[in-house]
Every structure is written in structure tokens, then in C-alpha cells.
Amino acid sequence: MTALPLPLDGVRVLDFTQVIMGASATQLLSDFGAEVFKVEWPGSGAIFRCSLPHEPGTNNPPFASVNRNKKSVELDPRSEDDAATLQRLIEISDVIVNNFRPGVMERLGLSYSSVKSVNPKIIYAEATGFGPSGKYVHKGGQDILAPAYSGVMLRKADGAHPTAIYPTSIADYGAGMHLAQGILLALVAREKTGLGQKVEVSLYDSMIALQHQEAAMELAGAPELNWASLPLTSVFDASNGQLVIVGAFKENPLRDICTALDIEDLSAHEEFSDIESRKTNKDALHSLLEAATAQYTVEENLSRLESVDILCAPVRSLGEALADDHSAPMIVEVDCPTAPQQERHIGSPIHLSDTPAKTGQAAPLLGADNEWLHSLFGPTHKGIDS
């Protein structure tokens, strides 16, 4: 059977992105067929290549995890020859993407107006920390700052818990996915209008959007919505680890939890009879439940709770999750340009039945496709050193 073309086959992307937010967006495009060539500073490359001093070389695992299936070309827009090359690339590209601070692309001679004048059909996608205007416009954007500014960092199951930095890049990845969505929407719109347009996303807006339910309550003057603070939703100790229980979506979940754990029905007690009394007496309730869960292993607790249709899960490390057979389809092997063995990465979470993601090519070495650029423009091209 002949393989079907990928959804983005024939789409060419000029990628100026750095670190995670922009690179995760362009990797999604490359996974589904777009030809993405990463424009990097001659000699040093993208800053993410050397962000981990304990990892030798410029293709450290974090960089490689968001730059597979891409080409790498070294170009300095401030160089006359390279600027001319970029103009020719813009002419034949569909999308140009960056996540610099506002004003950087303008200083490089690559403003939206100048790019649009060269190619009116191009999609000009820009991701920033705080957007193109407003009082924070020139403030550096970063994954940890956005949750702090937007209120996400202060959202906790219990106000007594210390405020902490979330250790996974939720702002970068979330904004990156919004950036990819915006690019795809603009490509669809171009099919109807024949014209490109500007796409803008920011870390700040993405973190505000993440809280859409909670914000709706806040804006309506209603009580705070905090799913993690519900009295029957918490992490409990077992004899060999921890589990999380979500006691919700049932008429009397506390009764069912007690049945599963083989203890008396605490919902029959006045202090635990309804959700408000359970909130008031949450610490006492959790102590009683944890005394029960601690008698069993994690696996025994899960079996008991699932038998009465209570939502629950083990609390696992990333290593444990990756070792689970259920995770196997998400782990892909890619050809490594620096070693004979293949690298293992996390594949695309988007699964298409007929045109699935293609994830087999590792992140490029710096300047690996300089010669490709020569061949694209012919032997007269002078903007790249061979």
C-alpha cells in the first residue's frame, strides 16, 4: 500500500525559534510533514544547544527532544550575504516562526511588514512572553515567570502549602501548542483567502487561558473554583507508596470509598455528612481515610477502589511511567547523527489513523544543511560557508 502524504507535506517553515516554546510548535509541524529549517547563528547555534553544561556537545537531550525532523542552516541576518539568502528563503516559504522578545525581528530586518512585502502569502508566527503590547511588553518571557504572573503558581490544593515552582515546562509547552494551532488555522484561512497573516501567542495569555474555568468564577464574583481542594480528592499513603483518589461524580462517593476500604461508613457521621461539613473537617476525614489506605499496598487500594467505581491512580515517578508497557507507543527511536545507536524520544501525542506523525529523524547537527542551502539556490549562492 502506498503511503499517504502527510498533512503538511509541501509546507516550508523558516524557524528562528529558541528553547522550548517555539521549538515544540515547529516540531509538531515537522512531525506531520512540514519541511522545517532551523535558522541558527553561525558558530554557536540556538542557545538551547548549550543550555546544559554537564551534557557534552550541542545536541543535548532537551534540545534534541524538540528539534527532530528539522534541517539546520547557519545564517546571520546582519550579514549582507546572509540577509540576501534569507530574502530568497522567505520568497519560497509558507511560514516564518520566532519567539524572540518584541523588537528583535525588527532589528534583524525581519519585521512582519518587511517579510509580507517579500511574500504576501507567508504566515508570520510570533510567540513572546507577554504579547506585543501592554506594560510588560519588553519584559523577558520565561516558563517560570508566566505561572507567577498569571496566578497559576498560587493555585494550590491547600493554601498552607508553600508556594513552589512547577518542575515541568507547562507554560512553554502550552504556548507552543497554541502557536502551532494558530499556524494551522492561518494555513487553513490562506486556502480560502490566498493571503497570509500574523499569528501571535504569549506565555502569559496561555497561562490565563489555562485557568478558563477558574477565571469564569472569579469574573462572576463567585466562590473560588479549586478542583484540587475538594474534600475527597487528595493523595494518600499506602503501605508501599502513594495513590491519588478523586472522590467525585457520584451520589455518595465517601460511602463507596469506605466500602472499598472496609471501614465504617463515615458519610453517616454528622461531621462528614455533606460536602460542606467534609470541607470543614477535611483534616480529620483524611486522617481516617489514610489510616485505612495505609493498611494496603497501592495495588490493593486501587483494586478495592476500582471495584466500586472510584477514580484513583498510583503516584509514580517519570521513570516508572516510561517503563510501563502502556507508554511504549509514545516512545520513538530516531536516527542519531553523532552515534551508531538510536536515540529515544517522546513521540507525538496526536495519533492520526491514516497519516500518522513521522518521527524518525533526530535533531540536526549545527549547520548540517548548509550544503542543502547551496543546492537549493545553486552554485552562485555566497551567503553560507561550505
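**Close-up views of the predicted model**

**View A. Glu271 counts as partly exposed, at 37% relative accessibility.** In this classification, buried means under 20% relative accessible area, exposed over 50%, and partly exposed in between (1.4 Å probe, protein chains only). Glu271 belongs to the loop between α10 and α11 (275-280); helices (H or I, at least four residues) and strands (E, at least two) are DSSP runs numbered from the N terminus. A C-alpha separation of 9.5 Å is found between Glu271 and Ala284, which are 13 residues apart along the chain. The model is predicted: local features need pLDDT of at least 70, side-chain atom pairs count only at pLDDT 80 or more, and totals for chains, interfaces and linings use all residues. Residues are numbered from 1 along each chain as its sequence is written, and side-chain values use heavy atoms, with hydrogens and water left out.

**View B. The largest pocket has a volume of about 1,100 Å³.** Of its 30 lining residues, Ser65, Val66, Tyr173, Ile346 and Gly347 are the closest to the centre. Two or more lining residues come from each of α1 (21-31), α2 (61-65), α7 (170-193), α14 (318-323) and β11 (343-346), and α1 contributes the most, with 4 residues. By class, the lining of this pocket comprises 17 nonpolar, 10 polar and 3 charged residues (nonpolar: Ala, Val, Leu, Ile, Met, Phe, Trp, Tyr, Cys and Pro; charged: Asp, Glu, Lys and Arg; polar: the others, Gly among them). On a 1 Å grid over the protein atoms alone, a pocket is an open set of points with protein on both sides within 12 Å along at least five of seven lines, a cavity is a set where a 1.4 Å probe fits but cannot get out, and lining residues have an atom within 4 Å of a point. Points are joined across faces, edges and corners, and a volume is the space filled by probe spheres set on them.

**View C. The largest cavity holds about 40 Å³ of space.** The count is 1 cavity of 30 Å³ or more. Its lining is formed by Phe16, Gln18, Val39, Glu40, Trp41, Leu75, Pro77 and Phe100, which divide into 6 nonpolar, 1 polar and 1 charged residues.

**View D. Asp94 and Arg190 form a salt bridge, at 2.9 Å from N to O.** This pair joins distant parts of the chain, 96 residues apart: Asp94 sits in the loop between α3 (80-91) and β4 (95-98), and Arg190 in helix α7. Both Asp94 and Arg190 are buried. The whole structure contains 14 salt bridges, each a side-chain nitrogen of Lys or Arg within 4 Å of a carboxyl oxygen of Asp or Glu.

**View E. Lys198 and Glu126 meet through their side chains in a salt bridge of 3.8 Å, N to O.** Strand β6 (residues 198-202) supplies Lys198 and strand β5 (residues 123-128) supplies Glu126, 72 residues apart. Lys198 counts as partly exposed because its relative accessible area is 30%, whereas Glu126 counts as buried because its relative accessibility is 7%.

**View F. Phe249 and Asp309 have positive phi values.** Phi is near 65° for Phe249, a residue other than glycine, and near 65° for Asp309, also a residue other than glycine. Phe249 is in the loop between β8 (241-246) and α10 (253-261), and is exposed because its relative accessible area is 75%. Asp309 is in the loop between α13 (298-306) and β9 (311-314), and counts as exposed because its relative accessibility is 58%.
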